[in-house]
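Hi everyone, thanks for making the time today. I'd like to talk you through the aromatic side chains in this one, so let's bring it up on the screen.

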Amino acid sequence: MTGEQVFVSHAPVDLDLVQELFSTVKNFPFGVHIALEEIESGRTRKRLEGRLANSDVVVAVLTEASATSPWVNQEVGYALAKGIPVLPLYDDETFRGGFIADIEGVAIDRENLSFTIFNLLCRLRSELSPLGALSVPNWYVRFPCTVPDCGHPVTLDITQGQTKLWKLSEHGQFLEATCEVCDAAYAFDPATIGFVRRMDGLERTA
């Protein structure tokens, strides 16, 4: 699972929500292209169309604002016409209409965004690594060690299935990654794969 591209279609007023939902998703080794970020960075609409055309999945963030957005409607229509899978991420079932009405999506729980992110990761794992119901796609996050004068790449391998990850989170347990050079350990939230903290030796699990 490397090199895949995810395009996020959304209304401009929903940018803060989208950035929060995708903050940890961006840490995985695939491209995440958030429409308004692409435009604000100086890329043209033509370049944005290229991002869309080369996507492996399009996430359509469906809210009251996006329901009347011509760009979201056009981007979703373009993806469907090109045979690109569309993943609805919606505030309300009523926003998931037309050709995507019957597509399995993810409901946005604004009171519990961690649960929303967990479900989003479930669906992305399914879309980007369709290896069968009994297979567990091996995802990972790689980052530089933050210990001064180290900076060695550290890899968090995610081999557990989503059900196991949620159970770990419910029990207050972390996923851990260790620097092979300085032995620093890092804790991550199993539900969102969000960074929690760097740990000392006494905090590490057995």
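**Rings and their partners**

Let's begin with a charge and a ring: Arg125 sits over the face of Trp139, 5.6 Å from the ring centre. Please keep in mind that we're looking at a predicted model.

The structure has 10 aromatic pairs, and I'll take you through two of them.

Here's Phe118 with Trp166. Their ring centres are 4.8 Å apart and the planes meet at 45 degrees, so we call this pair tilted. What does the pair tie together? Phe118 belongs to helix 5, residues 113–128, and Trp166 to helix 6, residues 162–170, so the contact joins parts that are 48 residues apart in sequence. As for solvent, Phe118 has 6% relative accessibility and therefore counts as buried. Trp166, on the other hand, is partly exposed, at 22% relative accessible area.

Next, please look over at Phe143 and Phe188. This aromatic pair is also tilted, with 5.5 Å from centre to centre and 55 degrees between the planes. Here we have strands: Phe143 is in strand 6, residues 139–144, while Phe188 is in strand 9, residues 185–188. That links distant parts of the chain, 45 residues apart.

How values were computed
Residues are numbered from 1 along each chain as its sequence is written. This is a predicted model: local features need pLDDT of at least 70, side-chain atom pairs count only at pLDDT 80 or more; totals for chains, interfaces and linings use all residues. Side-chain values use heavy atoms; hydrogens and water are left out. Rings of Phe, Tyr and Trp (its six-membered ring) pair if their centres lie within 6.5 Å; planes under 30 degrees apart count as stacked, over 60 as edge-to-face and the rest as tilted. Helices (H or I, at least four residues) and strands (E, at least two) are DSSP runs, numbered from the N terminus. Buried means under 20% relative accessible area, exposed over 50%, partly exposed in between (1.4 Å probe, protein chains only). A charge sits over a ring if NZ of Lys or CZ of Arg is within 6 Å of the ring centre and within 35 degrees of the ring normal.
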